[in-house]
Each structure stands twice: as C-alpha cells, then as structure tokens.
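I opened this entry to look up contacts, first inside one chain and then across chains. The structure goes in here before the notes.

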Amino acid sequence: MNKTITLKINNKIIKTEENCTKRLLDFLREDMDITGPKEGCGEGECGTCAVIIDKDLVNSCLVTIGSVEGKEILTVEGLKGTKQFDVLEKCFAEAGAVQCGFCTPGMIMAAQALLSKIQKPTEDDVRDGISGNLCRCTGYNMIINAILMAAKRGEGLW
Amino acid sequence: MDSIRKSVVKADHKIKVDGSAKYIADIKFNNRLHAKTLRSEKAKAIIKSILIPDLKDGYYVVEGKDVPGLNKVKVIQNDMPIFADKEVNYIGEPILLVVGPKLEEVIKILNEIKVEYEEDIPVFDMRESKDIFAKYEYEKGNIKDTFKKASRVIEEEFYTGYQEQAYLETQGVVGTYKDGKTSVYGTMQCPYYVKNAVIQALGCNEDEVRIVQTTTGGGFGGKEDYPSLIGSQVAVAAYKTKKTVRLVLERGEDISYSTKRHPALLKYKSALDEKNNIIGMDVDITLDGGAYATLSSVVLQRSLLCAIGVYNIPNIKVNGKVVKTNTPPNGAFRGFGGPQSIFAIETHMAHVAKEIKCTPLEFKNKYLVKTNDDTSTGGKFSYEVKLKEMIEKAEKISDFSEKYKKYSNKKGIIRKGIGMSIFLHGCGFTGSGERDLIKAKVKLLKYEDGIIEILVANTDMGQGLKTTFKKIVAKVLDKNYEDIIYKNPDTDRVPDSGPTAASRSIMVVGKLLERAANRLKENWIEGEEQIIEENYKHPDLIPWDIEKFNGDAYPSYSWGINVVEVEVNTITASTEVTGIYTVFDIGIPIDETIMEGQIQGGVIQGLGYASCENMECEDGKLKQHSITDYIIPTSKDVVNIKNVLVDNPCDLGPFGAKGAGELTLVGTAPAYADAIENALSVKVNKIPITPEWIMEAITNE
C-alpha cells in the first residue's frame, strides 16, 4: 500500500496515493497535466524541468514526490496571473528572449527564483542564476537582458 | 506605417512563456501505445535471427516485414532501412519497435529479445573507407601548370569534429490510424519530407497520409531528415496495430543515434609566386558520412562551394568525397557543410599570411571577391559585395588591428588574443534544387470576413517564421500582423512550399508570400472567399550543372565578419571569451529583434563548435551520450555580442531580405582559432580547440 502524500502545487493542496518514488516531473506532467516543466535530459543537466520548491529552484526530474511531501511547489502555470509574471512576460517579449520556447518555462522559474532572492541583480548574478538552465537558440544574452530589464521595471514586486 | 524591420512581439510569444504551447510530449493522445527501439549492438553484421519472446495481449513487435511498402527511408538515395532486417551497419541502428500500453512491460520485452549476428569487419576511420557515397570535383584555370611554376608551396591538413544539434526538445513523433488514414504528428522541420517518406513506407496513396508539425523545440538541421526515419517507423506501427503509437526519444538515445554535423578532413595546398602572391589553391575534402547516405551528397556540395571562402584565387581545384563508415549517419546541421570549409580556408589563409610574414587581415584583403567577380564555379557575384565596408565596421567596433598587434608575441600567465573571420553563405538550395526538386508553392486564403491565412509547409522551430511570414503578408496588405493566421503546417491543408532548411524560408518562401499578397491586394474582392496561389520562379542565373559543378550555385549570398577576443590562462589552459563583435549583410532584416536572436544564438553555437563541443567516436560508439558529457555553452561561457548590420537589399527576397539563419554560425570557429593563435603563437589545425589541446600546445612551446 502506498501511503498518501500531500503536496501543495501552484497553491492547491494535492493528495496522492502514487508511488513515493515517482519523479516530481512525471507527477506534474502525467497526473496533474501541468506541462510547463519539460523533460530535456532527465538527469538534472538542462533545467527545462525547473520548478520552485519552497523558494529554491530545483530540477523536478531529480526529485521524487515522496521527498517533497508537505512542500510548496510552483511551476510557470502557478506563476501566471501574478504581477511578477506579467513583468517577466513583457520583458522576455521586448528583449527577444524566446525562440523555440522549450527552455522558457524553466528560465522564467529561474528568473523568479533569482529575483526573489536578489532584487537588484548584477549581470553576473543573472548569469549565475540561469547557469543551470541550458538554451540552444538564444545564446543567453537576450534572456539575461530580459531578466535585468524585469528587475528594473518590476522594482518592489519581488 | 512602420518599416518592416521594426521589432514586434513574436506571434507565439505568450504561449511559450506561460507554458501552454504544446510540444509533442505534452499532447495527450487517448489510448496511445508506447514504443521503444531495439537497436543494433554491432557496427557491421548480418542479422542471423531475432528471437522474440511470447508477447502479452496488446503488445506488438514492429519490424521490417511489417513495412507494407518499401523498407527504406526516402531521403535522397533509398539506402537506409526503416527497420534493419538483413544487416546492420552501425551500433544503434534501429531493428524493430516494441509497442504496447505499459512502458515498463515494453522495456522488459525489449530486454528479452535476442538478436543473433554474424559479424563482419567494420570501418570506423574515414581515411580508410573505400566506400564513397558521393564525389565531385571542379577546377578553375590550370592547377597543374600553376603548381609547376610556383616558387613555393604551402600545404596543410585540417580536421573538424562532430557537432550535435542539442535542440532542447528531443526527437518525437506520434503515429495514428483512423478510417484508412495514417497520420504522424511530431517535432520536425519538413512535413512534406516526412509525408513522402511515409507514402513510400506504406506504399499507399498521397491522400492516405497526413503529417502535422507540432510546436518544435529547436531543430538546427537535426529535424530536417531524421523525422523521416522515426516518422516512417511510427506510421508503420500505427498501420499495423491500428492504434496510436508514441515514440519520444530520451536524450541519451537522441545524442547517440540521431544525425550530426559531418566530421571532416580538409587538405589545403597553396601555390605562391616569387612575390608571395597566391596563384593557385588545391583543396581536397573528405566528409565522414556515417553508415547511410542521408543528405550527405548535398552537404558535400556546400562544403566544396565554400572551399575557397570569400577569395578570388586565379587557379583552383577543389575535389571532395563523402565516405561511408560504420558509425551513426551524419546529416544536416545549420551551415550544412559550410562551417567545416570556412574554418579551413580562413585558417589556411591566416597560416599562409604568417609564413610570408604578413598579418592575416592584410593578406586576406588582397584576395577578397568583389561585385561582379566570378564565383569559384564560374557563376557571378552579381549582387553588391560590401566586404570592405564590413571590415571597416568590424575594425571600428572591435579595434581589431590595434589589439591584434598589441596581443602578438606576448609572454606571461594570462594571454590575450583576438581573431577575425570573413565568410559568406549561399542563400537557398544548392544549384538548381529550388527549380528542379522543390518547386515551392504557397497559398494565401482570404476568408469572407477579410481574415487572411498563410498556407505553407514551412515550420517555426524557434527562428521566428510565425512572426516574420505574418509581417511580410501584413505589410503588403496594410494589416496588423496579429490578424494574419499561420498555423503549424498540416499537409492536408497546406501546399508543399518546401523544407525549412538551407536559409531559404525568408528569401524564397517569403518572396512567394510577398508576391501572393500583392496579387491578393490587386484582386481583392470584398466579402468573398479568395485563394491566391504562387509558384516558384527561378531567377535569371548562369545555369547550374551538377556534373561539371559549374554555374551559379546560389542566387545570392549573405556575408559576415566575426571578431572573437579571448584570454587564455597558460597554467590551467582555460580560455575565457572576453569579446565578440560581428558585422552581417543579410540584405534587410524582416524583424530586428528576431535577427538579433539569430545572430546571438548562431554565433554562440559556432563558439561551442570551436571550443567545448567535443564528440568522439571510438569503435563505432560515440563517447559522449548525455548533456553532461557533451558540453554546450552555458550563460557563464558567453559574453554580450556587439553586432552591426550592413543594409544591402536584394530584390530576390521580400523587402530586400536574404538568408540569415545559417550564416550566423559559420564564422565563429575560424575567428576563435585565429584568436587562440594570436594569444599563444601556436598553429591551430583542428576544432574543437579543447583545454587539453591548448595544454599540449603550451607544453610543446
């Protein structure tokens, strides 16, 4: 018998009997139909599956649901609708930070995690903040510009 | 009204940022079966037998004998099987699919299947291969006499390694079967390539196959031909099982077995006269094609056409071949044979310059092609060549020549270096491909209410076509680009406007859309549904002859200058890129921000090719098979790129635009190599230039 695991995902309490060793990424995508987090490598290297767990940016492909019992999990779907998301969305558009889009939900979460910790980041802070998120289309600079722009425009929001 | 180049919010921006865009792995298909691939463990062998365990209800094996049509993937030559059934030619070659409702059970069956092989002797080294997929040769002037009268001959060999596309979304397709129709959904660049492949595989009529592109998470050439293989596999599986079959590759499988940039050996020999002028150049290129021909012959054509780069040398001979080895087949990757040759010619020119005690830029300057010069193959650079102006601009933004002098011959632990490359990229398909093979067709559909839909087979894989195509049509018709419809192509609805490849989409298909929009404007009937169709018209060129390798290989060219600045730590052999400066002539940009994105992304991919993206094949097995082993640049490895565009409108493209997507990757490697040479006073003949290579070079100093 699997025991019941309680999680808070995007501000909703979720109870599940799923096997506690199930990857959080699979639980989000398959059980919850939350497909913002993507599987790019399945070994914690690319960051396309990045979500925020209690303020920290975590690759959800490396986490089992049993290990995040009782924690708060935030994906891009949960961030949507907030003022912070609106600023990030607009700055990503203006800076041209999105090409194929596969890394984007992870990048948005990385930006959110960074700005929650450092409200006025330097360019180096941003490079560090997204260093665990790979992007093959943009060469990163336009994403970095977008996050710096968001920090400025959204001052006071984080 | 705003100029076409003024940036807009990308048409697909919102759904990509908020995570609602659906990539193939995000789409729920009811009752879909999982598929996994059984792959060859041998590099060259005859398959003696395949022992399949008893299968539970609902589980299937799909193999060569299930292919109702031809068990070959339609690419250029029909040489690659969809499922290997008689022999295998590389480790990882697909033999069959195991298909069923539960993934764990599918994997269990896969592990229980036993294949008995009779092994043969494989060939892994392209130097040793006698099996040639394609070869071409061309000559200008008289190379024999030139070398006879040369007062000096400088000869060297270059090697360029593999490059993996590393699109972040792995390859994936889903096949369905309903009411006699087989459909394939998936991440892809060229829906009609997949369609034609599936028709051949099923041996069926055109109207029995439908292909739909899903939001594509990067392609870079990697999704040009490979989806034809896995698309055919799931189509056969869906046809056999009459069910929905999903095949999404894991990263390890994708890196190990999908197509990559061809490793190349390039031999350059230059003849100099007594005044140290280059009077002749003899080039010999070998590409490693891997086990099957795929697109290799066309890749080789582009390599050979780029072999002399941006230079006008009076006597040349260029020959090349692509050979078979028992390794995974290589295929298309942004630049398509260009990056190998441009690295070699640029580095060779720099080396010849240094041999005669000249700076590379000064030396290259003497040979630059000019407007109306002949191309290497007897075509003409009939559109304005602005290289001199571009070099001046590059000097201005990078202070190149000053720094080059300052950094030369320095000692000390940290050494700086700066390098420059000058290059071109032919726009569109090589030779007469557009006219004879592709014959692109586009449609504009105007609904009764005046809403317009673009019907083309070209795909947005991140490069921004959804936005740029809409902008072109909207501009002509004086509409908002947001009001134009352009959905992911579905072959049941769109005509074949050709593949999304070869830097052709904007220039060729965009031009057809511009023409269609103009015709719609002239013939606009209020309140009526209208369909406007445009077909490709070949520009007036010197006819291309593939046998003689002669004529205009491309209708026009885009041009670039790259400057890379580095700091090398001579104790740790680590290199930091401290500056990148670029100047491009791509005609007129259809959107400045999208163009900037092509530049930033392409240049950094080129930087990876030059430095960290190392992939080696050992006994037929790629040693790097994860993103952990195969290192692509991260945000910490790159600097801001300072870029300038030189306007040079070309009437072949819409609003004066030329091809741009591939060009941006082509020049980084030689500029990086030149910078390393400047910093360390070494000679580079190989990319990637890894820290290990630098350590060795410093130690040998």
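I count two residues as in contact if their C-beta atoms, placed from the backbone, lie within 7 Å. The model is predicted, and I read the entries below with that in mind.

Entry: domains of chain A. I looked up the domain assignment of chain A and found domain 1 at 5-75 and domain 2 at 80-153. I then took the centres of domain 1 and domain 2 of chain A over C-alpha atoms; they are 21 Å apart.

Entry: contact between the domains. How many residues of domain 1 of chain A are in contact with domain 2 of chain A? I find 14 residues of domain 1 in contact with 12 residues of domain 2. On the domain 1 side, strand S3 (50-53) and strand S4 (56-59) of chain A each supply at least two residues. S3(A) gives the most to that side, with 3 residues. I also sorted the domain 1 side by class and noted 7 nonpolar, 4 polar and 3 charged residues.

Entry: contact between the chains. I went on to chain A and chain B, where the contact takes 39 residues from chain A and 41 residues from chain B. Which elements of chain B give two or more residues to the side that touches chain A? They are helix H1 (13-17) and helix H15 (592-610) of chain B. H15(B) gives the most to this side, with 8 residues. By class, I list the side of chain B that touches chain A as 16 nonpolar, 16 polar and 9 charged residues.

Note on methods. Residues numbered from 1 in each chain as written. Chains lettered and ligands numbered in written order. Predicted model: local features only at pLDDT ≥ 70, side-chain atom pairs only at ≥ 80, totals over all residues. Helix = DSSP H or I, 4+ residues; strand = E, 2+ residues; numbered from the N terminus. Nonpolar A, V, L, I, M, F, W, Y, C, P; charged D, E, K, R; others polar. Domains from an automatic or database assignment.
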